[in-house]
Amino acid sequence: MKVIEIEGGRELTGQIRISGAKNATVALIPAAILTDEEATICNVPEITDTDALCDILKELNVNVNRSTESLVINPQNMKNVEIQEEFSKKLRASYYFMGALLGKYKKAVMYFPGGCSIGARPIDLHLKGFEALGAKVTNEKNKYTVEAEELHGANIYLDIASVGATINIMLAAVRAKGKTVIDNAAKEPEIVNVATFLNNMGAKITGAGTSTIKIEGVDHLHKCFHEVIPDRIEAGTYLIIAALCGKDLRIDNVIPEHIDSLTSKLEEMGIKLDIGIDYVRVLEVPKKLKATDIKTAVYPGFATDLQQPFTVLLTQAEGISRVTETIWENRFMHVPYLNALGSDIAVENQTAKIQGPTELKGCEVVATDLRAGAAMVAAGLKATGKTTITNSEHILRGYESIIEKLTNVGAKITLKEI
Ligand code: EPZ
C-alpha cells in the first residue's frame, strides 16, 4: 500500500505547473485506435490511469512508445481481443475501448469497468447509444459484448448529460454510416479536446462543447498529432491548496475559464486572485474567510471533482457553508476523515454542512478515492503536525508528480510503500 506523509502547517511559495488533463487523456488513448496509423499525443500526464490504459493497448497488440510527456500509439498490427477483467477493472475509462472497438471493428468484448467508488456508476446510457447506432448488446455476468453488422447514424437524446456516454457514443459514431446527433450532450472541455483529436484524424464532428453534437461518419481516419489540454481539476486542487497555505503561490499552465466556477467562489469568500492568460495566483487571503455554499453541476457548473478539496477550504471559513453533491451519490467519504483532523461537518442526504473555522491537527486518514485523497492532501498541508494518508495509490491515479510539485513549493511531503 502507498502512504503519503505530510508535516503540515508550512507556507507554500513558488509555482506549480499543471499537467495534461487526466479525463481527456483517458479518452484520447482509446480513441487513438480508431485509425490504423500513428497518433502522437503530447502533454500526457504520468499517472497510473495512463499506465493502465497503455496496458490495455498492449493486450490489443498496439504499439505504444512513451517519451517525455508524449505517447506515440501505432495500431497497425492491432488485434481485437477480449479485454479481461483484470485490465478493465483498474479504471472507469477502460469503457472507452467499448466505443472505440465498436467503431473500428463493429465488435467489442470487455468486462465492466472499475474506478472510484463514488456511486453506482451505471453505463446504461452508453449501451443505449450503441444500440441506437445499430449494435446489439449482450451481458453475461460482468462481461459485455457489443456487436453490429453495420453501424448507422442515429438521433440520440441522453437522459443525463453524461461525460462518458457522450464521448463513448462519439467514438462509435465517427466511423458509422451517416449522421449522428447527440442531444443533451455533456459540454466538458475534455469532450472538446477529444472531438478536436478525432477531427485532426479526419472525423467530422461539430458542436462539441455545446449540448448538441453532430457527427458525420467517415470510412477512414488518419495519423495525427495532438496536445492534451491542461487538467482543470488538478489546477483547481492546487488553487485550493494555495488558498489554504500559499504565500505568493502561482498555478501555471491553466486555462482560467475552465475553472471560472471555482475562481468566482474563491473571490466570493474574499480571496484576491490574479488571473492571467494561462495562470492563476492567490494574491491575498483575508484573515476571516467568508462562508459560502456550493452545489455541484455539469460543466460549466461547480465540478463535482473539486467538491471534496473545496470542502477543506470551507472548514477555514467563518460560519456555516453547505456543499450539495448532485452528480454522485457517494461522494462524502472524505468527511469522517476531515472530522478526525478537527473539522465540524455533518452530512445529511446529499448536503454537507460545514461549521467553521476549525483548527486542523494531523492524524492518520484514508484516501477513499482519488479526489477524497486530494482533499486529504490539502487538509494535511493545512493541519499542524503529521498527517498520514493510507491508500494513497488512489491519488497517484490522477495527480502527476504530486510529491515533487508540492515539495518544490516548500511542502514537507513524502510517499512510501508499506
Ligand atoms: C466523468 O465520469 C469523470 N471521469 C469523473 O471524474 C467526473 O466526476 C464525472 O465525469 C462528472 O464530471 C472520467 O472522465 C474518466 P458521467 P463519468 O457519465 O463519465 C450517471 C475523477 O475524479 N450516469 O458524466 O463516469 C452517473 O451515475 C472522476 O476524475 C448514468 O446514470 O460521469 C452520474 O450520476 C470521478 N448512466 C451522472 O450520470 C450512464 O450510463 C454523471 O456521470 C452514465 C452516467
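**Cavities, pockets and sheets**

Guide: Please note that this is a predicted model. Searching the whole structure gives 3 cavities of 30 Å³ or more.

Visitor: What volume does the largest cavity have?

Guide: Its volume is about 50 Å³.

Visitor: And which residues line the largest cavity?

Guide: The lining consists of Arg232, Ile233, His258, Ile259, Ser261, Tyr299, Gly301, Ala303 and Leu306. By class, these are 5 nonpolar, 3 polar and 1 charged.

Visitor: How much space lies in the second largest cavity?

Guide: The second largest cavity holds about 40 Å³. Pro230, Asp231, Arg232, Ala235, Val254, Ile255, His258 and Ile259 form its lining, which divides into 5 nonpolar, 1 polar and 2 charged residues.

Visitor: What about the bond that joins Gly356 and Pro357, cis or trans?

Guide: Gly356 and Pro357 are joined by a cis peptide bond with omega about 0°. Pro357 sits in the loop between strand E21 (351-356) and strand E22 (364-366).

Visitor: And what is the phi of Lys141, positive or negative?

Guide: Lys141 is not a glycine, yet it has a positive phi of about 50°. The residue lies in the loop between strand E7 (136-140) and strand E8 (143-147).

Visitor: Why mention these backbone values at all?

Guide: They are mentioned because most residues other than glycine have a negative phi, and most peptide bonds are trans.

Visitor: Which domains does the lining draw on?

Guide: At least three of the residues lining the largest pocket come from each of domain 1 (2-19 + 230-417) and domain 2 (22-227).

Visitor: How far apart are the centres of domain 1 and domain 2? What is in contact?

Guide: Taken over C-alpha atoms, the two centres are separated by 30 Å. In domain 1, 21 residues are in contact with 22 residues of domain 2.

Visitor: Now the second largest pocket, please. How much space lies there?

Guide: The second largest pocket holds about 300 Å³. Among the 16 residues of its lining, Ala243, Leu244, Val285, Pro286 and Lys382 are the closest to the centre. H8 and strand E14 (246-252) are the elements giving two or more residues to that lining, and H8 gives the most, with 4 residues. The classes are 8 nonpolar, 3 polar and 5 charged residues.

Visitor: A change of topic: what order do the strands take in the open sheet that contains E9?

Guide: The 4 strands of that sheet follow the order E9-E10-E12-E11, with mixed pairing. Strand E9 (155-157) and strand E11 (204-206) are at the edges; each has a single partner strand, so one side of each has no neighbour in the sheet. Neighbouring strands are turned by 15° against each other on average, direction ignored.

Visitor: How many bridges join strand E10 to strand E12?

Guide: There are 5 bridges between strand E10 (residues 179-183) and strand E12 (residues 212-216), and the two strands run antiparallel. Ile182, for instance, has Ile213 in E12 as its bridge partner.

Visitor: And what is the order in the open sheet with E4?

Guide: That open sheet of 4 strands has the order E4-E5-E3-E13, and its pairing is mixed. Strand E4 (63-67) and strand E13 (224-227) stand at the edges with a single partner strand each, so one side of each is left without a neighbour in the sheet.

Visitor: How do E4 and E5 pair, and which helix packs on the sheet?

Guide: E4 pairs with strand E5 (residues 70-74) in the antiparallel sense over 5 bridges. The bridge partner of Asn65 in E5 is Val72. Helix H2 (residues 48-59) packs on the sheet and touches E4 and E5, its direction making about 150° with that of E4.

Definitions and conventions:
Residues numbered from 1 in each chain as written. Predicted model: local features only at pLDDT ≥ 70, side-chain atom pairs only at ≥ 80, totals over all residues. Heavy atoms only, no water. 1 Å grid on protein atoms, 1.4 Å probe; cavity = no way out; pocket = protein on both sides within 12 Å on 5 of 7 lines; lining within 4 Å. Points joined across faces, edges and corners; volume = space filled by probe spheres on them. Nonpolar A, V, L, I, M, F, W, Y, C, P; charged D, E, K, R; others polar. Pairing = 2+ DSSP bridges. Axes fitted to C-alpha atoms, helices over the stretch in contact; angles between N-to-C directions. Domains from an automatic or database assignment. Contact = heavy atoms within 4.5 Å.
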